[in-house]
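Please open the model in your viewer and keep the selection tool at hand. The tour below moves from one selection to the next.

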Amino acid sequence: MNEEYMKIDHLVINVNKQYQIDKTIINKIKDNGFPYEPKWGKGTFGFKATNLWIGNEYFEMIRILKKNGGGWRKEWVEMYNNHHRGLICLFIETNNIKNEYERLNKIGINISKPEYLKFKWFFNLLTRTMPWQNTYFPFFQGIPLQLGFQQMKDGESKKWMQQYMVPNSIENEILGIKKINIFGNYSEDDKSLIKSIFQNAIIEENKIIVELINEQKLVFIQNDTYYVEVFTQCNNKIFKEKKINIQNIKIIND
């Protein structure tokens, strides 16, 4: 069996409609090196998803169209309807979601059972099942964010997914996400949860640092205000050091 790993997979972000329809904002995203096509992406009558592909990682930007969310995750729909905007879930890819679930369940962490993602479409008459399993942790007490694990069904499913990851910032030599700083007013229980999920967590005075594979890094930083910094690996001098905001997230080409 291959060695188990964790890496950044994608960020689920609640967005206002301008991030999907306003040409000025869309063009600004493109001007920062991200070839963004908001007309593409999955959805139903109740929600619209648009993706910003950054190498093998991505932003999944969600706008709720109907109050019931049209099959989107219930908790997230309720938070959207209550005006939450910004990062709501950070998914970490693992190659053994079953082991992670069992390990964390044994130590009393309230983690959901791994399930394949399903959503209703065509007036709730049809159900679509995606080729990956998700599991979710409870929301942090101090910030409106939860973490989740994701695992693709198999190698073929991963290849299937990658063919849809276009247009991609790789075209502009922005190769992926290398670090995410998450600022927030974490409770002691929140910090314990982070340390339980990530066994290699490095504890410092005001932050918790987590090193993932491919030199990726998560940093949870104690702060009164909740916001996020996403650092990309940018090898293009034209786009290097450019910055753009999407809701409470600042993307920095590093």
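Residues are numbered from 1 along each chain as its sequence is written. This is a predicted model, in which local features need pLDDT of at least 70, side-chain atom pairs count only at pLDDT 80 or more, and totals for chains, interfaces and linings use all residues, while side-chain values use heavy atoms, with hydrogens and water left out.

Across the whole structure, a search finds eight salt bridges (a side-chain nitrogen of Lys or Arg within 4 Å of a carboxyl oxygen of Asp or Glu). Select Lys7 and Glu93, whose side chains form one of them at 3.9 Å, N to O; Lys7 sits in strand β1 (residues 6-14) and Glu93 in strand β4 (residues 86-94), 86 residues apart (strands are DSSP runs of E, at least two residues, and helices are runs of H or I, at least four, numbered from the N terminus). Both Lys7 and Glu93 are buried (under 20% relative accessible area, with exposed being over 50% and partly exposed in between, for a 1.4 Å probe and protein chains only).

Next, select Lys98 and Glu102, which meet in a salt bridge at 2.9 Å, N to O. Because they are four residues apart in helix α4 (residues 97-106), about one helical turn separates Lys98 and Glu102.

Finally, go to Asn236, in the loop between β12 (227-234) and β13 (243-246), which counts as buried at 12% relative accessibility.
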